[in-house]
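Please open the structure in your viewer and keep the selection tool ready.

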Amino acid sequence: MRARDLDHMLTALRGAGEETRLRILALLAHGELAVAELTQILGQSQPRVSRHLRLLAEAGLIERRREGAWAFFRLAREGFGGDLAGFLLLRSAPEDAALAADRAGLEQVRRRRAEQAAAYVQERARAGDSLRGLQAPAQEAEAAALALLRPADGAKFRRFLDLGAGDGRMLEIFAERYLWGVGYDLHPPMLAYARARLQGPEFPHCELRQADILDLPEASGAADGAICHQVLRYLSDPPKAVAEAARVLAPGGRLLIGDFAPHALEELREKHAHRRLGFSDAEISELCAAAGLKPIETRKLGPPRRDGLTLAFWLAEKA
């Protein structure tokens, strides 16, 4: 064993060797949490909790991510620190009084988070009721997306991106198809709702981040699967969005775009902030070709009524 490896192991062990820090690890096993949420659950001051979080991060046991003025933490996914955190959690006694109280506090935080986010989403849903009746049912659209977007090798996507994640539904329905999923969205209330939706034990392998999909905080070639569902029509620069999606895909990676086919419902610009009134097959093909993507398959879902909207899916692959 190399001396540096031993130093890393000792640092991780020292980092975990305190009751509050073990409680924090147990809480983060249930998903990403903000500093304020951990402070509330643990019943300790913010400076004290922040100090414990700093020590855990320095020990490689947890990861820190900033989102505006907030900082979020989750268990480390790689290295000895991540392995140690998983081992400690497996060995912790579920009947421990402190851990049980923390879980109860976590449920209160989750309920409050879900209630606040749901109020925002319900308001948006009321505003969008008229649009919903113009297009194919959500279940039909989801089935089409699942039928089209699969890893080329038949295994699982290594890193799957939801570009414009909204309520997190795409991350949810594709959860069994990826090893790690990341949803990007600009709007904090939608991110809060998506986090509430994806906080169960069946979603330990996904996260949500605030970011502009025109400028993704992803390394080139980092992902092998991505979806951009009903997002392009809102964007000021759809070609840049497709080019950015292509940039972060590895060769052979696949992108599924879902949006409306061309239509003449001009009122959607004013009522629903649509910048574009749909996209033609030729336009999507041009966007993909310019970004280095090869179109593979197209599928159309007809409207439920004659004056409705056709929902189209375009699947492309990175050359």
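Which residues does glutamine 135 touch, not counting residues up to four places away in sequence? Select glutamine 135 together with Gln230, Phe260, Pro304, Leu309 and Leu311, for these are the residues that it touches; contact means heavy atoms within 4.5 Å. This is a predicted model, in which local features need pLDDT of at least 70, side-chain atom pairs count only at pLDDT 80 or more, and totals for chains, interfaces and linings use all residues. Residues are numbered from 1 along each chain as its sequence is written, and side-chain values use heavy atoms, with hydrogens and water left out.

Remain at glutamine 135, which lies in the loop between helix H7 (129–132) and helix H8 (138–148). Helices are DSSP runs of H or I with at least four residues, strands are runs of E with at least two, and both are numbered from the N terminus. The relative accessible area of glutamine 135 is 12%, so glutamine 135 is buried. Buried means under 20% relative accessible area, exposed over 50%, and partly exposed in between (1.4 Å probe, protein chains only). Now display the side chains of glutamine 135 and glutamine 230: a polar contact of 3.1 Å joins them. A polar contact is a pair of N or O atoms within 3.5 Å; within protein, one must be able to donate a hydrogen and the other to accept it, and residues adjacent in sequence count only if both atoms are side-chain atoms.

Next, select helix H2 (residues 19–28). Eight of its ten residues are buried, so helix H2 is largely enclosed by the rest of the structure. Among the buried residues are Arg21, Ile24 and Leu27. At the start of H2, look for a side-chain oxygen of glutamate 18, which reaches to within 2.7 Å of the backbone nitrogen of threonine 20.

Proceed to the aromatic rings. A search of the whole structure finds three aromatic pairs. Rings of Phe, Tyr and Trp (its six-membered ring) pair if their centres lie within 6.5 Å; planes under 30 degrees apart count as stacked, over 60 as edge-to-face and the rest as tilted. Select phenylalanine 157 and phenylalanine 160, a tilted pair at 5.6 Å centre to centre with 35 degrees between the planes.
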